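Open the model in your viewer and keep the selection tool at hand. Each stop below says what to select and what is there.

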Amino acid sequence: MNNLLQLKGEFEHKKNSNGYGAVNLPVGASVGCEHIFKLKSELESILSIWTKNSLIGGALLSAHYNRVVAKSNRIKSLFESSAVKANDLIRGARFEENGKNINHIFTYFMSLEQLEEAISRLEVCGEIVKIKFSGNITTENIAELYKSKKFDKSTISLTRFIGVIVDCYYVNKFSIDDNLEDINEPAIVTLYKTKSKTLKLLESIGIKIFETGVIDETTILINPDQFKILKEKAPYLVAMQVRDFADLTKEEINETSSGGITIPASTNEPKIGVIDTLFDNEVYFRDWVEYENMLDPNIPVERKDYYHGTAVSSIIVDGPTFNPEMNDECGRFRVKHFGVATHGKFSSFSVLKNIRAAVAANRDIKVWNLSLGSVMEIHKNFISPEAAELDKIQSEYDVIFVVAGTNKPSRSKESMRIGAPADSINSLVVNSVKESGDPASYTRIGPVLSFFHKPDVSYYGGDNDKGITVCTPTGQGVVQGTSFAAPWIARKLAYLIHYMGMTREVAKALIIDSAAGWNRKDDLTHSVGYGVVPIKISEILQTTDDEIRFFMTGTIDKYETYNYNIPVPSYKDKHPFFARATLCYFPNCSRNQGVDYTDTEMDIHFGRVRAGKRGPEIMPINNNFQDVEGRCLYEGPARLLYRKWDNIKHISESVKTTSRPKGKYGAGLWGLSVKIKERLTYSRNHDMQFGVVITLKEMNGINRIDDFIKLCMVRGFIVNRVDIDSRIDVYAKAEENIKFDI
């Protein structure tokens with residue numbers, strides 16, 4: 001077996017040197033004056049409405065696009081001015097289904113003056129198209145305008161004119177949206193951001209919200225009576241709404257016997273945070289658990305409220321003892337257990353507050369297990385408040401959440417989307433499989449926001465044929481559910497982060513890469529994610545003799561971070577390797593942007609380096625040329641083929657017996673490039689870390705790891721073998737308490 005390798009080398013950084021070229025319509029496209037005047041008429045109707053309604057100090061409107069659009073194809077020239085970027089006017093984004101197609105809808109907030117200016121621009125551009133281009137302007141017409149430079153700029157500049165025409169091409173219509181569902185219980189409501197402060201705005205229509213009911217500047221907790229007032233007086237303000245009290249998904253817990261298990265005293269083992277129902281302090285492993293009850297003392301508690309949380313913590317502390325066939329070789333872990341819910345319903349609002357408080361007060365805990373989940377399905381067009389808070393916490397703090405994929409009720413026969421907070425993008429979401437590796441009978445499915453792969457991975461959580469043994473307040477129990485698959489993955493992550501000294505980005509990438517393996521096919525059912533994670537941690541940290549697996553870490557602040565100096569061994573001037581790579585990072589996320597949720601995109605390129613027209617260039621193993629100048633790829637295909645805007649990138653070549661070694665370019669170097677894009681106008685206030693795991697498989701079964709290490713050292717890399725025993729010894733020494741003689 002070959003050990004995992006860590007490569008430390010210098011990454012280079014550079015800004016984006018590619019220009020966008022002249023703005024124009026797609027090839028063969030055209031825009032008619034009738035369409036321009038129709039859009040103008042719709043904006044005039046919207047202006048009329050907001051002129052009579054001064055509540056928000058401006059205008060809210062929605063632009064319905066004719067496709068999923070890239071940032072570069074959003075409205076610019078129509079709304080933009082020297083003082084304001086059109087992108088800054090966006091307050092939300094969602095999808096609408098149009099037959100077999102999915103289209104974007106963006107909601108904008110602007111001043112009435114900006115809206116009037118947009119109407120004026122449409123009027124001018126419509127008249128020009130009507131008179132100068134016989135009512136229809138084409139791609140060729142615009143190209144001619146650029147060449148001839150004969151354009152009357154007295155009413156509008158050439159750049160603005162062409163920009164408005166292109167904006168009109170991508171927009172089907174404008175409207176004001178106010179479709180609200182009735183809510184008969186407390187709800188978490190997110191309002192569109194306007195000029196008015198949220199609490200003052202609500203107070204002006206007769207709704208009084210106290211500070212204790214505020215999550216952030218636009219998200220509040222509201223009761224049914226208040227929601228009725230909001231729906232009657234200002235329904236257009238509501239961007240998102242979800243019930244506050246969610247029913248927990250149910251897991252089967254069958255008690256068997258009291259047992260007689262003992263456990264040694266804990267020492268310096270790593271600690272995992274658990275957010276769950278209550279914990280029973282009478283169980284045999286109680287000394288391994290530090291317990292904090294965060295429930296309101298006025299909430300009545302039953303014996304049932306201790307079963308789920310106790311069972312989850314028992315797996316983290318001592319799972320392999322009563323499940324020897326699932327011995328992951330990770331040892332035991334201490335637990336800091338936070339009781340935030342009872343076994344029935346829970347308040348999302350309260351849980352959100354408690355999770356943030358727990359993480360902020362326990363900065364030494366890097367891995368958190370959350371096996372609570374809602375019966376309600378996630379919404380197709382926005383992230384749940386619970387998931388958004390988890391994503392925000394993981395972006396702010398150096399932590400990772402492992403979240404259960406939620407369970408389908410036993411009576412449900414049809415497929416069912418996962419429930420909150422399993423729609424958390426930054427978290428590692430775990431579904432459950434049977435012993436055979438097939439999805440469990442209670443499996444719920446993704447994707448999230450019609451795009452993101454959720455769940456991420458799957459693990460063994462028991463089913464009707466065979467359950468998972470746990471410790472309950474009354475003894476041993478046999479359980480099944482995603483709640484009992486997630487803790488096993490939390491153990492593995494904690495082992496990688498604490499014992500092996502890896503960053504959370506690398507640890508997450510290793511888990512996903514080990515589940516995906518070779519010849520992975522896309523999970524079209526969205527039920528198992530990238531695959532089933534191996535049981536033993538050694539199968540993640542070691543490879544077969546014909547494989548070389550290494551990881552690299554870096555931070556990115558400019559457009560591209562790259563290293564073109566990776567020396568992959570060659571034989572007879574060819575590289576006899578298959579290759580795969582997994583990239584993970586934790587982006588900032590904006591819930592108020594709806595389906596355009598992740599703020600930052602990292603795109604990975606890995607492959608052989610050859611001489612190009614402008615210097616060295618990578619030949620990506622997945623043929624990813626979406627950023628190459630002169631090549632155009634629409635947003636939809638870019639998301640489908642290259643997972644654009646996803647915070648996990650897994651690229652892999654297929655292992656086939658008919659494959660032949662790749663030709664060697666020059667010195668036989670390979671390169672890794674990570675390119676970054678920002679969705680919002682404002683920039684991040686910190687550099688972003690990434691982790692990449694790369695695996696090379698020798699086509700003829702030959703072990704070439706020593707050759708690879710020597711070549712890397714010659715090229716200036718520091719190469720560390722990840723030896724399991726050595727790193728555990730290092731951890732033990734680092735955690736020793738030293739007494740000084742005074």
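**Whole chain**

Start with everything displayed; this is a predicted model. The secondary structure amounts to 15 helices and 36 strands. For 742 residues, a compact globule would have a radius of gyration near 27 Å, and the chain agrees with this because its own value is 28 Å. Along the principal axes, the C-alpha trace spans about 90 × 75 × 65 Å.

**Helices α1 and α2**

Select residues 33-52, helix α1, together with residues 112-132, helix α2. The two pack with their axes 9 Å apart, at an angle of about 160 degrees. Angles over 145 degrees count as roughly antiparallel, so α1 is roughly antiparallel to α2. The crossing of α1 past α2 is left-handed.

Now show side chains at the contact.

**Helices α3 and α4**

Move to residues 139-148 for helix α3 and residues 158-170 for helix α4. Their axes lie 12 Å apart and the packing angle is about 170 degrees, which means that α3 is roughly antiparallel to α4. Ile142, Leu145 and Tyr146 of α3 meet Leu158, Phe161, Ile162 and Ile165 of α4. What types of residue make up this contact? The contact of α3 with α4 has seven nonpolar residues, no polar and no charged ones.

**The seven-stranded sheet**

Next, select the strands of an open sheet in the order β16-β17-β15-β19-β20-β21-β22; their pairing is parallel. Which strands stand at the edges? They are β16 (289-293) and β22 (457-460); each has a single partner strand, so one side of each is left without a neighbour in the sheet. On average, neighbouring strands of the sheet are turned by 25 degrees against each other, direction ignored.

Zoom in on β21, residues 428-433, which runs parallel to β22 and is joined to β22 by four bridges. Asn431 has Ser458 in β22 as its bridge partner.

How values were computed
Residues numbered from 1 in each chain as written. Predicted model: local features only at pLDDT ≥ 70, side-chain atom pairs only at ≥ 80, totals over all residues. Heavy atoms only, no water. Axes fitted to C-alpha atoms, helices over the stretch in contact; angles between N-to-C directions. Parallel < 35°, antiparallel > 145°, perpendicular 65-115°, else oblique. Left-handed = near helix turned anticlockwise from the far one by under 90°. Pairing = 2+ DSSP bridges. Rg over C-alpha atoms; globule rule 2.2 N^0.38 Å. Contact = heavy atoms within 4.5 Å. Nonpolar A, V, L, I, M, F, W, Y, C, P; charged D, E, K, R; others polar.
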